[in-house]
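Please look over the sequence and the model shown below before reading on.

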Amino acid sequence: MFVKIILSAVLTCASSFWIDKLYLNCSELTFPNEILSRSRFRKWILFVSLAVLFNLTNNFWLMAAFFLLILMSITDFEQYMLFDAMTLPLAVIGAVFSYQNSVLQENFLAAIIGGGIFLLLSIISKGALGGGDIKLIFALGLWFGAENLLNVVLFGTIFGGLAAILMILAKQKDRKSFFAYGPYFALTAIYFLLAK
């Protein structure tokens with residue numbers, strides 16, 4: 001337990017620095033003038049999340065997935081951005097995890113179909129779903145396969161929708177505002193990975 005807490009602290013510092021570097025090199029941030037104010041609780045959220053999640057498993061692959069999903073949740077909440085630098089490793093690790101569990105073919109098919117459906121939804125909605133969401137669903141398909149990917153998408157959409165309604169009621173957003181759905185997919189994915 002102590003080793004995992006130290007690991008969580010080290011990863012918190014290193015990954016917070018990495019996120020800042022990604023922001024610095026990105027011209028597509030939603031809130032480029034609010035980086036400091038929107039990240040003021042980042043290190044605490046990162047540390048507590050990683051310390052709790054790492055102590056729930058000894059599986060290296062799951063710990064890596066938790067780490068990347070928490071990072072993606074943070075960047076999507078802070079700047080409505082899901083970075084390829086996080087999504088690609090999540091997809092690769094998911095492919096390795098699926099291969100070790102002899103489900104790579106079916107999970108790859110789920111990833112293609114899930115990512116394809118989200119791409120189609122993005123085209124129909126004229127960009128309401130971003131490219132990061134499409135890639136995240138593809139990566140999660142490699143981890144989950146069709147049935148559990150459908151659960152992640154369904155519950156993530158429900159939780160994201162409820163959060164959007166609460167923000168509208170609290171007058172923090174209006175109906176035309178953009179919402180970050182990535183964190184709700186990522187946090188739902190963490191729940192289903194823990195339930196495996």
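## Helices H1 and H3

How close do the axes of helix H1 and helix H3 come, and at what angle do they cross? The model is a predicted one, in which local features need pLDDT of at least 70 and side-chain atom pairs count only at pLDDT 80 or more, while totals for chains, interfaces and linings use all residues. Residues are numbered from 1 along each chain as its sequence is written, and side-chain values use heavy atoms, with hydrogens and water left out.

The axes of H1 (residues 2-24) and H3 (residues 42-54) come within 9 Å and cross at roughly 140°. That angle makes H1 oblique to H3, given that angles under 35 degrees count as roughly parallel, over 145 as roughly antiparallel, 65 to 115 as roughly perpendicular and the rest as oblique. Axes here are lines fitted to C-alpha atoms, for helices over the stretch in contact, and angles run from 0 to 180 degrees between N-to-C directions; the helices themselves (H or I, at least four residues) are DSSP runs, numbered from the N terminus, as are strands (E, at least two). H1 passes H3 in a right-handed crossing, where a crossing is left-handed if the near helix is turned anticlockwise from the far one by less than a right angle, and right-handed if clockwise.

On the H1 side, the residues that meet H3 include Lys4, Leu11, Ile19 and Tyr23, and among their partners in H3 are Arg42, Leu46, Phe47 and Phe54; contact means heavy atoms within 4.5 Å. The residues of this contact divide into 11 nonpolar, four polar and four charged, where Ala, Val, Leu, Ile, Met, Phe, Trp, Tyr, Cys and Pro count as nonpolar, Asp, Glu, Lys and Arg as charged, and the others, Gly among them, as polar.

## Helix H7 and its partners

H6 (residues 104-124) packs against H7 (residues 131-169) at an angle of about 120°, with their axes 7 Å apart, and H6 passes H7 in a right-handed crossing. The contact includes Phe108, Gly115 and Phe118 of H6 together with Ile134, Ile137, Phe138 and Trp143 of H7. Its residues divide into 15 nonpolar, six polar and one charged.

The axes of H5 (residues 84-100) and H7 come within 7 Å and cross at roughly 20°, which makes H5 roughly parallel to H7. The crossing of H5 and H7 is left-handed. Among the residues in contact are Asp84, Leu90, Ala91 and Phe97 of H5, and Lys135, Leu136, Leu142 and Trp143 of H7, and the contact divides into 10 nonpolar, three polar and two charged residues.

## Aromatic pairs

A search of the whole structure finds 12 aromatic pairs, a pair being rings of Phe, Tyr and Trp (its six-membered ring) whose centres lie within 6.5 Å, with planes under 30 degrees apart counted as stacked, over 60 as edge-to-face and the rest as tilted. One of them joins Phe118 and Phe185 edge-to-face, at 5.7 Å centre to centre and with 70° between the planes. This pair links distant parts of the chain, with Phe118 in H6 and Phe185 in helix H8 (residues 182-195), 67 residues apart.

Phe118 counts as buried at 7% relative accessibility, and Phe185 is buried as well, at 2%; buried means under 20% relative accessible area, exposed over 50%, and partly exposed in between (1.4 Å probe, protein chains only). Ring pairs also link Phe77, Phe118, Tyr181, Tyr184 and Phe185 into a cluster.

Gly115 is found in H6 and counts as buried at 9% relative accessibility. The C-alpha atoms of Gly115 and Ile134 are separated by 5.3 Å, although the two residues are 19 apart along the chain. Not counting residues up to four places away in sequence, Gly115 touches Ile134, Ile137 and Phe138.

Leu71 lies in helix H4 and is buried, with a relative accessible area of 0%. With residues up to four places away in sequence left out, Leu71 touches Ser15, Trp18, Ile19, Leu46 and Met86.

Tyr80 is placed in the loop between H4 (60-79) and H5, whereas Ser102 lies in the loop between H5 and H6 and is exposed, with a relative accessible area of 65%.
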